[in-house]
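Here is a short report on one protein chain. Keep the sequence and the 3D view open while reading.

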Amino acid sequence: MEKYTISAISCKSELDGECYCYCGLPSPRRTSWTWLNPGRRFHGCSRYREGSKCQYFKWVDRKFSDRATEVILELLEGLNQPPPTGRFQG
Ligand SMILES: [Zn+2]
């Protein structure tokens, strides 16, 4: 995988990947699995499941190219598999 430059976020401590939402709570880094942004990481409010009104949301990764998104979706659907031979190391 290519390495993406992290520049879309302004956290108190980018080294730790630690962000704080508007509630003042640590905002864990998650991965999006929507059709539009599969595999793209983001920070969101940790209480969003509890119906929090906090609208905190920041992408970690830049938007992937259309091709990258396409490949990820194909992998998820099992349509496109890495070749079985060779040394494929994660
Ligand atoms: Zn919050």
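## Burial and the model

A residue counts as buried if 20 or more other C-beta atoms lie within 10 Å of its own, as exposed if 12 or fewer do, and as partly exposed in between. The model is predicted. By the burial rule, 9% of the 90 residues in the protein chain are buried.

## Overall layout

The protein chain holds 1 helix and 5 strands. From the N terminus on, the order is β-β-β-β-β-α. Contacts can also be sorted by distance along the chain. Of those with a separation of 6 or more, 38% link residues 24 or more positions apart.

## The three-stranded sheet

An open sheet is built from 3 strands. Their order is β3-β4-β5, and the pairing is antiparallel. The edges belong to β3 (29-31) and β5. Each of these has a single partner strand, so one side of each lacks a neighbour in the sheet. On average, neighbouring strands of this sheet are turned by 35° against each other, direction ignored.

Now the pairs themselves. Between β3 and β4 there are 3 bridges, in the antiparallel sense. Arg29 has His43 in β4 as its bridge partner. Between β4 and β5 there are also 3 bridges, and these strands run antiparallel. Here His43 is bridged to Lys58 in β5. Phe42 stands opposite Trp59 in β5.

## The loop between β4 and β5

β4 covers residues 41-44 and β5 covers 57-59. Two residues of the loop between them are described here. The first topic is Arg47, which sits in this loop. Is Arg47 buried or exposed, or something in between? It is partly exposed, because 15 other C-beta atoms lie within 10 Å; that count falls between the cut-offs of 12 and 20. Setting aside neighbours within four places in sequence, Arg47 is in contact with Cys23, Leu25, Ser52 and Cys54. The C-alpha atoms of Arg47 and Ser27 are separated by 9.0 Å, and the two residues are 20 residues apart along the chain.

Gln55 lies in the loop between β4 and β5 too. Gln55 counts as exposed because it has 10 C-beta neighbours inside 10 Å, and the cut-off for exposed is 12 or fewer. Gln55 and Cys45 are 10 residues apart in sequence. In space, their C-alpha atoms are 7.2 Å apart.

## From β5 to the helix

Asp61 is placed in the loop between β5 and α1. With 17 C-beta neighbours inside 10 Å, Asp61 is partly exposed. Asp61 and Phe42 are 19 residues apart in sequence, yet 7.1 Å apart in space, C-alpha to C-alpha. Phe42 is the residue that stands opposite Trp59 in β5.

Helix α1 spans residues 66-77 and has 12 residues. How far does α1 reach from its first C-alpha to its last? The reach is 17 Å, close to the 16 Å expected at 1.5 Å a residue. Just after α1 comes Gly78, with a positive phi of about 75°.

Key. Residues are numbered from 1 along each chain as its sequence is written. This is a predicted model: local features need pLDDT of at least 70, side-chain atom pairs count only at pLDDT 80 or more; totals for chains, interfaces and linings use all residues. Helices (H or I, at least four residues) and strands (E, at least two) are DSSP runs, numbered from the N terminus. The expected span of a helix is 1.5 Å times one less than its number of residues. Two strands pair if DSSP finds at least two bridges between them. Axes are lines fitted to C-alpha atoms, for helices over the stretch in contact, and angles run from 0 to 180 degrees between N-to-C directions. Two residues are in contact if their C-beta atoms, placed from the backbone, lie within 7 Å.
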